[in-house]
Amino acid sequence: MRIAVSGSIANDHLMTFPGRFSDQLVADQLHTVSLSFLVDALEIRRGGVGANIAFGMGQLGARPVLVGAAGEDFEEYRAWLERHGVDTASVRISEVLHTARFVCTTDADHNQIGSFYTGAMSEARHIELQHVADRVGRLDLVCISADDPEGMIRHTEECRTRGIPFAADYSQQIARMDGEGIRELTEGATYLFSNEYEKELIETKTGWSDEDILKKVGTRVTTLGKKGARIDRLGEAPIHVECPQEKVKAEPTGVGDAFRAGFLSGLSWGVSLERAAQIGCMLATLVIETVGTQEYELKRVHFVERFTGAYGEAAAEEIRAHLPA
């Protein structure tokens with residue numbers, strides 16, 4: 001499969017607060033919150049939902065096509081992604097805006113407070129997927145991840161119009177979207193990705209029940225944190241996949257993106273949905289063990305060894321041949 005990933009491209013500024021956010025919040029004063037946290041560490045990393053997913057897929061040898069917008073400061077980032085197996089030729093470079101920026105603080109319980117500056121990301125709406133398809137020959141699936149909202153709508157509409165299968169993955173953007181916008185981005189999706197909280201928010205904002213949504217999408221994939229992931233399809237028994245045991249919880253940013261990268265790579269290899277979710281959970285585990293969304297190193301022997309320990313030799317044998325040497 002030839003898979004394109006549209007989504008944000010950003011630089012992450014990740015900070016660590018040694019206390020707990022909950023200890024700093026006064027219940028009857030939440031309407032006038034004014035807080036400042038003295039942090040212990042600052043890490044500046046490459047990030048952005050689209051770039052994170054594409055990086056993970058590149059690590060797994062899936063050769064994804066990254067679709068998004070960045071600033072003139074993107075060249076070093078571009079070289080990094082290309083070295084790790086990502087096709088970046090469809091990234092639009094803004095002449096006036098810097099690459100987007102994510103600023104996030106994580107507390108001792110791994111809760112997070114973050115802000116996102118869109119920058120050049122706002123120009124993603126000017127990218128036409130047909131031009132991408134013409135350049136690479138075809139697109140078998142487009143994962144439409146969190147990005148410029150107008151760009152997400154345009155890409156969704158173009159996929160529906162041109163008959164290109166797409167995955168709806170609006171994640172962080174769901175907070176600013178109303179029910180109509182969510183319905184527009186969901187209807188007809190081949191895959192719908194969300195975490196547990198986003199799943200409930202989707203149903204609340206759209207007024208659709210879980211069954212209603214399953215009638216409108218092909219496959220619903222819900223990540224469950226440390227409990228793994230669940231796959232639902234209308235009229236079929238749910239598939240639940242556990243997460244491998246992590247060696248250490250270093251930093252959770254980008255874990256969801258890694259799951260999507262693994263899952264989409266599994267689809268590109270033609271393995272079962274269960275196996276694709278297992279690949280996603282394994283890659284997510286590597287990310288939570290690392291500070292930064294693209295700082296993990298995927299070594300074939302190590303990956304297979306961890307995968308075998310979590311899911312068994314038969315499952316590992318299925319994916320072994322697809323992994324890059």
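Residues are numbered from 1 along each chain as its sequence is written, and side-chain values use heavy atoms, with hydrogens and water left out. Because the model is predicted, local features need pLDDT of at least 70 and side-chain atom pairs count only at pLDDT 80 or more, whereas totals for chains, interfaces and linings use all residues.

The structure holds 27 salt bridges, a salt bridge being a side-chain nitrogen of Lys or Arg within 4 Å of a carboxyl oxygen of Asp or Glu. Side chains of opposite charge can pair when their charged atoms come close. In one of these pairs, E150 and R125 are joined with their closest N and O atoms 3.1 Å apart. This pair links distant parts of the chain, 25 residues apart, since E150 belongs to helix 4 and R125 to the loop between strand 7 (112-117) and helix 3 (129-136); helices (H or I, at least four residues) and strands (E, at least two) are DSSP runs, numbered from the N terminus. E150 is partly exposed at 49% relative accessibility, and R125 is likewise partly exposed, at 25%, where buried means under 20% relative accessible area, exposed over 50%, and partly exposed in between (1.4 Å probe, protein chains only).

A salt bridge also joins E203 and K199, at 2.8 Å from N to O, and both residues lie in helix 6, 4 residues apart, or about one turn of the helix. E203 is buried, with a relative accessible area of 15%, and K199 is buried as well, with a value of 9%. In the salt bridge between R230 and D232, the closest N and O atoms are 2.9 Å apart; R230 counts as partly exposed at 23% relative accessibility, while D232 counts as buried at 8%. Beyond these pairs, a network of salt bridges links E128, R154, E158 and R162.

Apart from neighbours within four places in sequence, D12 is in contact with E43, I44, R45, R46, G47, G48, F102, T253 and T293, contact meaning heavy atoms within 4.5 Å.

In helix 5 (residues 179-186), the buried residues are G179, G181, I182, L185 and T186. These residues lie on the same side of helix 5, because they cover an arc of only 165° around the axis, the arc being that of the directions from the helix axis to the C-beta atoms. The buried residues of helix 5 pack against helix 4 (149-162), strand 9 (166-169), strand 10 (191-195), helix 6 (196-206) and helix 7 (210-216). Just after helix 5, G188 adopts a positive phi of about 85°.

On the surface, L25, L30, V33 and L35 form a nonpolar patch with about 350 Å² of accessible area together. Patches are made of residues with over 30% relative accessible area and no salt bridge, like charges being joined within 9 Å and nonpolar side chains (Val, Leu, Ile, Met, Phe, Trp, Tyr) within 5 Å, and accessible areas come from the Shrake-Rupley method with a 1.4 Å probe, only the protein chains shown counting as cover for residues. V33 lies in the loop between strand 2 and strand 3 (41-47).
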